[in-house]
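The stops below are given in the order in which to select them.

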Amino acid sequence: MGAGSPRHGHPAAQVDVQAEGARIAGAMGTVVVGKPDVVRLALVVLLAEGHLLIEDVPGVGKTTLAKAMARAVDSEVRRIQFTPDLLPSDVTGVAVFDQESRTFEFRPGAVFANLVVADEINRASPKTQSALLECMEERQVTVDGTTYELARPFMVLATQNPLEMEGTYPLPEAQRDRFTARISMGYPDRDAELAMLDDRAVVDPLTRLRPVADAATVRAMVDAVAQLHVADPLRRYVVSLVEASRRSPDLRLGASPRAGLQLLRAARAAAALAGRDHVLPDDVQELAAPVLAHRLLLTPDAALARRTPERVVAELLAAVPVPRRR
Amino acid sequence: MTGRWGTATAVAVAMLLGSLALAPVFAAPTWAAPVLLAVLAVSGSGALVRAGLARAGRADTVPGEVAVPVVQVMALLTVLCAVFAPGRALVGLLPTPASTVDVLGVLSSGFSEIREQVTPAIPLDGLVALVVLLVGTLTLVVDLVAVGGRQPALGGLALLVLCCVPVATTTGDVSLLVFLGPALGLATLLWADQRQRLAGRQRSGPGAFAGTGVLPAVRTGAIAVLAGLLLPALVPTLAEGSFASGLGTGQGPGVSSTGTSLDPDAALRGQLTQPDPVDLLRVDADVDDPSYLRAVALDRYSEDGWSIGNLGRSEPTDGSAFAPPPSGVPTREVRAEITAEAHDDRFLPVFPGLQSLAVSGDGDWRLDPDSGTVFGRDDARTTGLTWDVVSEEVRPTDEELAAARPLAADDPVQQEYTQLPPLDPRVTDQLAELVDGEQSPDQRVRAVFDFLTDRANGFVYSLSTAPGTTGDDLADFLQLRRGYCEQYAGAMAVLVRASGVPARVVLGYTPGQRQPDGSRLVTNADAHAWVEVYYAGLGWVPFDPTPLSGARAVDLPWATRADVAAAEASASPSAPTTAPAGPTAQLDRDDTFTPLATDDQRAGGVPWGRVGAWGGGTLGVLALLAAPAVARAAQRRRRLRAGDPGAVWDELLAVAHDLDVPVRATGTPRQLADDLGEVAGAQLRPELLALAGALQADVYAPAGAPGRDLAGPAHEVDRALRRASGRRARVRARALPPSLLADVRAWATDHLPRPRAART
């Protein structure tokens with residue numbers, strides 16, 4: 001897979017999103033043990049054509065998650081380790097002068113893949129960060145006046161170290177807003193960790209993972225999700241939630257219009273994965289915290305009171321009425 | 001528990017403000033202190049008991065909630081005993097069985113006072129006790145609803161009752177206070193409501209603090225006050241007296257015969273409606289203190305009361321038939337010219353002891369010498385006539401009266417004027433206490449007269465008694481000792497007859513008010529009834545047992561009232577003036593009167609219309625109290641009949657709200673089903689899921705959902721929820737459904753101006 005215009009695979013109507021999704025999730029579950037919620041959320045973000053921000057300490061399986069997803073859908077995965085000396089061209093690619101043909105030749109950077117794992121994104125300089133984030137938004141790369149389309153599906157799984165460390169550049173809120181959802185992997189439970197140790201001793205489970213879908217299937221699933229029915233009351237509900245976040249006394253910055261858009265997209269994906277042809281408020285409520293929390297800025301008072309954005313989102317859900325009328 | 005203290009304080013303040021509405025009902029402010037005491041006692045004792053229960057950790061238990069009103073009732077009783085019957089109360093304060101009986105007595109006298117007094121009423125003990133009981137009970141109810149039931153706004157309904165009292169009882173414009181007091185009270189309760197609501201929210205969520213409730217409450221209160229002031233101006237009201245005139249004679253405009261004559265056909269009730277006195281007669285007499293003007297004598301007494309006997313004889317009035325004055329008795333010659341103004345009757349009012357009569361016009365006026373009645377034959381009426389009268393009034397001395405001998409048993413006067421039907425034993429028993437056969441006629445007459453006129457015997461002028469002098473009426477009068485001139489005169493005449501002395505009742509007029517030109521003006525308010533007793537050798541001697549005001553009293557030196565004799569120097573006793581009606585001695589009751597106890601305060605009779613208004617007001621209040629339940633039932637029917645999943649769920653959630661079943665306020669259909677399932681039980685899970693599915697499909701699915709029967713499952717869930725709830729919750733859900741109040745609040749939030757929505 002490389003640069004190129006997206007191909008359309010199966011017509012949307014012929015894809016059983018629920019079944020395909022279950023297969024992919026099942027395959028990933030053999031590698032990412034004991035984390036069905038994380039797997040499911042990653043799948044939701046994939047089908048919503050979004051990007052995932054994983055905030056967790058090193059070594060809990062962030063990269064494994066990305067690799068398992070790439071392997072399960074038989075697509076290309078690239079990994080970039082962000083360091084302070086990483087250059088924007090390392091991410092996007094660079095035009096190199098070919099001595100033989102005496103022309104500039106484009107060397108694609110790390111973003112030219114279906115799944116891009118951006119490790120420790122907050123360790124790179126803001127300039128490099130913004131290069132990646134622009135690619136995420138535009139889904140294309142422009143080098144020396146030439147535009148190169150990125151692959152489809154295209155999803156960035158960025159990891160970020162939550163601990164305060166020397167030499168980190170925390171993502172500004174404008175850039176966090178570009179991630180559809182933020183999750184935390186969390187440590188595996190004791191049994192899963194035991195099993196993991198046991199398995200690794202023999203063979204890496206990733207190598208045993210057989211693809212259960214291809215990129216074309218995922219594209220078809222994405223198209224099917226995009227066409228899922230959303231009733232007017234549900235749109236109103238999403239807008240009410242987003243508006244309520246802007247009025248909340250605990251928040252310095254509420255959810256952006258893009259946040260509402262991505263919340264609805266994610267809810268569509270979740271509904272499709274649940275086998276429904278329409279979105280329910282339950283889908284929105286389930287995804288509200290992962291989709292909204294990382295975009296919200298607490299007021300100093302709220303931060304002092306040790307409130308968390310997740311808590312504020314839960315309160316918004318408890319305050320905004322769910323429509324019961326068309 | 002500070003919230004409850006606050007609400008209890010709000011209740012007390014609201015009830016005190018609401019009680020201001022009662023101010024126009026009373027003539028003096030002495031009612032206020034006992035009412036204040038009662039309100040403070042009831043809400044204070046309630047708050048104390050609740051605080052004690054809370055400290056003991058027994059708040060919100062059923063025995064606790066029962067204990068509160070019981071203690072409050074005791075507190076109210078203590079106030080009643082301490083204020084109205086301290087004599088027999090323990091340490092002058094605590095109720096004892098004896099003092100409780102005393103209080104009941106005071107209360108029952110209060111009911112009589114309601115019937116007798118018009119507003120503004122004199123704050124006599126009984127009336128004030130009733131008001132204390134009313135306000136105290138209302139405070140108890142409001143406290144129960146507001147503090148116990150946590151619905152302060154609903155408690156405001158009771159303030160309407162306080163509003164109803166002056167509206168139903170006062171005439172003319174209703175004072176601003178009547179609306180302002182309860183409106184401010186309602187604002188207080190609304191503030192308490194808002195405060196409680198916010199306090200409740202604070203428990204469940206962040207960001208709300210009690211202080212934000214003040215502004216909306218003040219705003220709502222201001223709107224309520226404005227509406228209270230503006231609405232009365234827009235609502236059409238009855239003109240004063242219009243209610244009663246609706247019951248009147250129906251004879252159309254102009255001066256009807258009712259106010260101007262003693263005609264037997266006169267409709268009594270018409271008199272009730274005459275707010276202004278009608279000038280009947282102008283009297284130009286040559287003495288300063290003329291006697292009563294006699295119109296007609298009622299000389300026959302039967303079970304039906306006093307009536308005119310046959311006008312036995314019909315003699316010409318040219319002088320030939322007039323009886324000469326009795327010899328050897330002091331008399332006074334009175335010459336007068338009497339002119340009929342509005343007076344229109346077939347009986348000609350003349351002074352007693354008539355010696356000469358000259359009537360203008362060509363009417364045929366006749367005299368019945370036995371009764372002394374002058375009447376017109378062939379439809380002759382007094383309208384526009386003038387008549388000159390010369391009379392010789394008998395002015396006997398006490399000694400002459402005392403010396404009078406009994407008449408012979410076969411004397412026609414003795415026979416005719418002592419006729420009586422069998423009397424009620426209550427009357428004969430009373431008489432037996434007063435007289436015995438050994439006494440002279442005068443002693444017997446005096447015994448009866450003193451009995452009726454001595455204030456110590458407790459006779460009270462009252463216009464509320466039934467207008468009649470039948471046997472029962474008189475017996476009631478003697479027992480209850482409440483009546484007006486009709487009963488006073490009727491009773492005296494009967495008692496005198498029963499003691500064997502001839503007597504009759506006379507209808508006519510007191511001599512009226514002296515005018516600047518020296519003449520006297522007689523109005524319908526001067527109509528009166530009194531008694532004539534026959535003394536051998538002296539003839540008919542007038543006695544008047546009815547207390548008349550000083551201005552209208554006629555000086556009868558031989559018949560000094562016992563109460564006047566007892567307090568000769570004191571201010572003249574108060575008095576009624578009454579108007580006569582038909583020959584059955586029904587007297588008009590539209591007059592002014594001051595009770596004996598208080599000379600300078602005026603009161604009067606309460607027309608039945610007002611009693612009806614009270615009754616109607618009570619019914620209205622009951623209807624108001626039932627309104628929430630009725631409205632809720634209608635709402636429920638409408639929702640379930642609609643069959644639309646949203647409506648059905650509205651109803652289910654309202655039921656949950658009413659029964660206090662915890663439900664996530666912003667839950668999704670599935671979550672709501674889960675919450676209800678927690679209480680309704682697992683066996684109803686299929687129904688709840690079907691209901692949730694129907695709602696989801698209806699609201700969120702692409703195509704319209706196929707219609708399903710939702711009422712059935714909804715009823716199942718409803719029943720299960722009720723079964724799972726306590727009795728108290730079930731009763732409250734029926735009587736005072738909180739969901740309805742929430743709906744009203746939501747409506748008000750949407751439709752009334754409000755500050756920016758409270759942050760959530």
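Start with the contact between the two chains, bearing in mind that this is a predicted model. Select the residues where the chains meet: 24 come from chain A and 18 from chain B. On the chain B side, colour helices α20 (645-658) and α22 (685-700), each of which supplies at least two residues of the surface that touches chain A. The biggest giver on that side is α22(B), with 5 residues. Coloured by class, the chain B side shows 7 nonpolar, 8 polar and 3 charged residues. For the complex, the predictor reports an ipTM of 0.83 and a pTM of 0.48.

Chain A carries 14 helices and 11 strands, and 47% of its 326 residues count as buried. Take the contacts in chain A between residues at least 6 apart in sequence: 79% of them join residues at least 24 apart.

Now select helix α14 of chain A, residues 309-319. Which of its residues are buried? They are P309(A), V312(A), V313(A), L316(A), L317(A) and A319(A). These residues lie on the same side of α14(A), because they cover an arc of only 165 degrees around the axis. As background, an α-helix has 3.6 residues a turn, so residues three or four places apart point the same way.

Most residues other than glycine have a negative phi, and most peptide bonds are trans.

- Select R152(A) and P153(A): the peptide bond between them is cis, with omega near 0 degrees. P153(A) sits in the loop that runs between β7 (146-149) and β8 (155-160) of chain A.
- Select D74(A), in the loop between α3 (62-72) and β2 (77-81) of chain A. D74(A) is not a glycine, yet its phi is positive, near 55 degrees. D74(A) counts as partly exposed because it has 17 C-beta neighbours inside 10 Å.
- Select R102(A), in the loop between β3 (93-98) and β4 (103-108) of chain A. The phi of R102(A) is also positive, near 50 degrees, in a residue other than glycine. Is R102(A) buried or exposed? R102(A) is exposed, since 7 other C-beta atoms lie within 10 Å.

Move to chain B and show its strands. Six of them, in the order β7-β10-β6-β1-β15-β14, form an open sheet with antiparallel pairing. To follow one bridge, select L281(B), whose partner in β6(B) is A340(B).

Finish by colouring chain B by pLDDT. The mean over chain B is 76, and 78% of its residues score at least 70. Where in chain B is confidence lowest, and where is it highest? The lowest is helix α10 (residues 242-246) of chain B, at a mean of 30, and the highest is helix α21 (residues 669-680) of chain B, at 91. Then select residues 569-606 of chain B, where the pLDDT is below 50; this stretch has 137 contacts in the model beyond near neighbours in sequence. Residues 756-760 of chain B are also below 50, with 8 contacts beyond near neighbours in sequence.

Methods. Residues are numbered from 1 along each chain as its sequence is written. Chains are lettered from A and ligands numbered from 1 in the order in which they are written. This is a predicted model: local features need pLDDT of at least 70, side-chain atom pairs count only at pLDDT 80 or more; totals for chains, interfaces and linings use all residues. Two residues are in contact if their C-beta atoms, placed from the backbone, lie within 7 Å. Helices (H or I, at least four residues) and strands (E, at least two) are DSSP runs, numbered from the N terminus. Ala, Val, Leu, Ile, Met, Phe, Trp, Tyr, Cys and Pro count as nonpolar, Asp, Glu, Lys and Arg as charged, and the others, Gly among them, as polar. A residue is buried if 20 or more other C-beta atoms lie within 10 Å of its own, exposed if 12 or fewer, and partly exposed in between; C-beta atoms are placed from the backbone. Two strands pair if DSSP finds at least two bridges between them. The arc is that of the directions from the helix axis to the C-beta atoms. pLDDT is the predictor's confidence in each residue, from 0 to 100.
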